[in-house]
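Welcome! Here is a short tour for anyone meeting this structure for the first time. Have a look at the model, then follow the points below.

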Amino acid sequence: MRVGIVGATGYGGLELIRFLHNHKAVERIDLFTSSEEGVTFSSKFGHLVHIADTPLQKIDYEALEKFDVVFTSTPSGVTSELLPPLVGKGPKLIDLSGDFRLQDPASYEAWYGKKAAPLEIIQQSVYGLTEWNAENVQHASLVANPGCYPTAVLLSLLPLLKERLIDSSFLVIDAKSGISGAGNKPSQTTHFSEANESLSIYKTNAHQHIPEIEQAISMFTGVDTTITFNTHLVPMTRGILSTSYAPVMPGVTEEQLVACLRSAYEKHPFVRIVTDANSLGTNRVKGSNYCDILVKVDSRTNRATIVGVIDNLVKGAAGQAIQNMNVQLDLPQITGLDVVPFFI
Ligand SMILES: NC(=O)C1=CN([C@@H]2O[C@H](COP(=O)(O)OP(=O)(O)OC[C@H]3O[C@@H](n4cnc5c(N)ncnc54)[C@H](OP(=O)(O)O)[C@@H]3O)[C@@H](O)[C@H]2O)C=CC1
Ligand SMILES: CC(=O)N[C@@H](CCC(=O)OP(=O)(O)O)C(=O)O
């Protein structure tokens with residue numbers, strides 16, 4: 001099978017290469033660029049000299065049409081224009097950006113501040129939160145891979161909301177990310193000397209993942225709600241940890257919440273329910289496609305603390321994208337993704 005990667009030089013693209021290289025169904029990977037046509041990939045990324053000694057190619061519709069699968073890992077606002085002519089043309093399209101996640105174009109334009117993709121193409125896209133939408137992903141010609149924060153938040157909350165075990169009307173989500181979440185383009189806030197030894201909040205009450213999380217809660221649980229969601233930058237490279245707080249429904253115990261999560265993810269190899277907080281942390285999932293989840297009830301306040309942990313570049317991006325490709329190809333979801341976390 002031939003795979004094309006647009007945005008191969010970015011962090012998401014590099015992680016796609018790392019996993020697809022070991023994928024048994026992938027025979028060849030072609031790498032595309034908008035800015036460095038002809039440059040030998042390994043001259044930029046020496047650690048891949050043995051596998052990617054090929055020139056970067058110009059993005060070209062006719063070339064992309066011939067692939068079995070095309071991954072796009074580009075900034076928002078790129079694929080809303082690039083992909084529409086390719087939808088339904090042959091390759092399975094898996095987009096890592098936010099361009100096709102929101103079903104309402106006006107919402108995309110409000111939160112991303114960019115022009116939305118055409119409505120008829122948005123309507124054909126399938127939201128690729130694999131554990132919750134595999135049946136639709138299987139037949140999708142365009143998969144909108146979820147955002148990194150929504151992956152951690154949704155996987156940890158959806159089972160509890162679906163079973164009405166927590167109160168959806170008061171959801172407060174406090175999330176933290178490593179700096180690779182911001183991509184490879186340097187900026188003032190991600191500059192080492194400003195981010196190191198500091199913890200900061202950003203996009204306060206205005207993060208573009210708020211409508212994505214609300215939309216998915218409604219889609220998968222039937223609950224319409226608004227959330228308080230805030231994001232923080234942590235001076236580390238990889239990882240997301242989201243901590244959500246919600247009142248527990250009357251009479252519901254911590255054991256019931258744990259049992260609900262275990263039952264929801266019994267058959268899902270990448271979700272692990274953890275009961276000891278000491279076993280939880282971004283280093284426990286680093287480099288892997290796992291999402292670890294912990295739930296505890298504070299009996300004084302009768303509120304639940306629900307934690308989701310992922311590697312933003314793997315389960316939050318490239319890993320989940322390949323998991324979706326596996327579903328589309330009818331392969332076991334772990335194909336090419338069966339790796340142990342780095343830990344240290
Ligand atoms: N980093 C993360 O943790 C996550 C990122 N995402 C999303 O995935 C996408 C990629 O993220 P990430 O890899 O971190 O971003 P990067 O900034 O690291 O990489 C983006 C790549 O896109 C390419 N690109 C830039 N402009 C254009 C353009 N106009 N047309 C085509 N290609 C372009 C660039 O390569 P070149 O110049 O060679 O074309 C660049 O290497 C983003 O939409 C991001 O929001 C989603 C989940 C998690
Ligand atoms: C640390 C950091 O800056 N993270 C990014 C993650 C963005 C992302 O992946 O968002 P879309 O795919 O929705 O564009 C952010 O918070 O905006």
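This is a predicted model: local features need pLDDT of at least 70, side-chain atom pairs count only at pLDDT 80 or more; totals for chains, interfaces and linings use all residues.

Two strands count as paired if DSSP finds at least two bridges between them. The protein is divided into domain 1 (2-146 + 315-328) and domain 2 (149-312).

**The parallel sheet**

- Another open sheet has seven strands in the order E3-E2-E1-E4-E5-E7-E6, and its pairing is parallel.
- Its edges are strand E3 (57-58) and strand E6 (125-127); each has a single partner strand, so one side of each is left without a neighbour in the sheet.
- Strand E1 (residues 2-6) and strand E2 (residues 28-33) run parallel and are joined by five bridges.
- Val 3 stands opposite Ile 29 in E2.
- Helix H1 (11-20) lies across E1, E2 and strand E4 (69-72), and runs at about 160° to E1.
- An unreviewed UniProt entry lists residues 2-140 as "domain: Semialdehyde dehydrogenase NAD-binding".
- That span is 32% helix and 17% strand, and its end C-alpha atoms lie 18 Å apart.

- The C-alpha centres of domain 1 and domain 2 are 25 Å apart.
- Domain 1 brings 20 residues to the contact and domain 2 brings 25 residues.
- On the side of domain 1 that touches domain 2, helix H5 (105-112), helix H7 (130-138) and H12 each supply at least two residues.
- H12 provides the largest share of that side, with six residues.
- By class, that side of domain 1 has nine nonpolar, eight polar and three charged residues.

**Around ligand 1**

- Which of the 29 residues around ligand 1 come nearest? They are Gly 10, Gly 12, Ser 34, Ser 97 and Gly 183.
- Two elements give two or more residues to this shell: H1 and helix H12 (314-328).
- H1 gives the most, with three residues.
- The shell around ligand 1 holds 19 polar, eight nonpolar and two charged residues.
- Both domain 1 and domain 2 give residues to this shell, so ligand 1 lies between them.

**Around ligand 2**

- Where does ligand 2 lie? Domain 1 and domain 2 both give residues to its shell, so ligand 2 lies between them.
- The residues surrounding ligand 2 include Ser 76, Ser 97, Gly 98, Gly 147, Cys 148, Ser 177 and Gly 181.
- Also among them are Ala 182, Gln 208, His 209, Thr 231 and Leu 233.
- This shell divides into nine polar, three nonpolar and no charged residues.

Methods
Residues are numbered from 1 along each chain as its sequence is written. Chains are lettered from A and ligands numbered from 1 in the order in which they are written. A residue is near a molecule or strand if its C-beta atom, placed from the backbone, lies within 6 Å of it. Helices (H or I, at least four residues) and strands (E, at least two) are DSSP runs, numbered from the N terminus. Ala, Val, Leu, Ile, Met, Phe, Trp, Tyr, Cys and Pro count as nonpolar, Asp, Glu, Lys and Arg as charged, and the others, Gly among them, as polar. Domain bounds come from an automatic or database domain assignment. Two residues are in contact if their C-beta atoms, placed from the backbone, lie within 7 Å. Axes are lines fitted to C-alpha atoms, for helices over the stretch in contact, and angles run from 0 to 180 degrees between N-to-C directions. UniProt positions are given in the numbering used here, feature names are shortened, and annotations may be inferred rather than shown by experiment.
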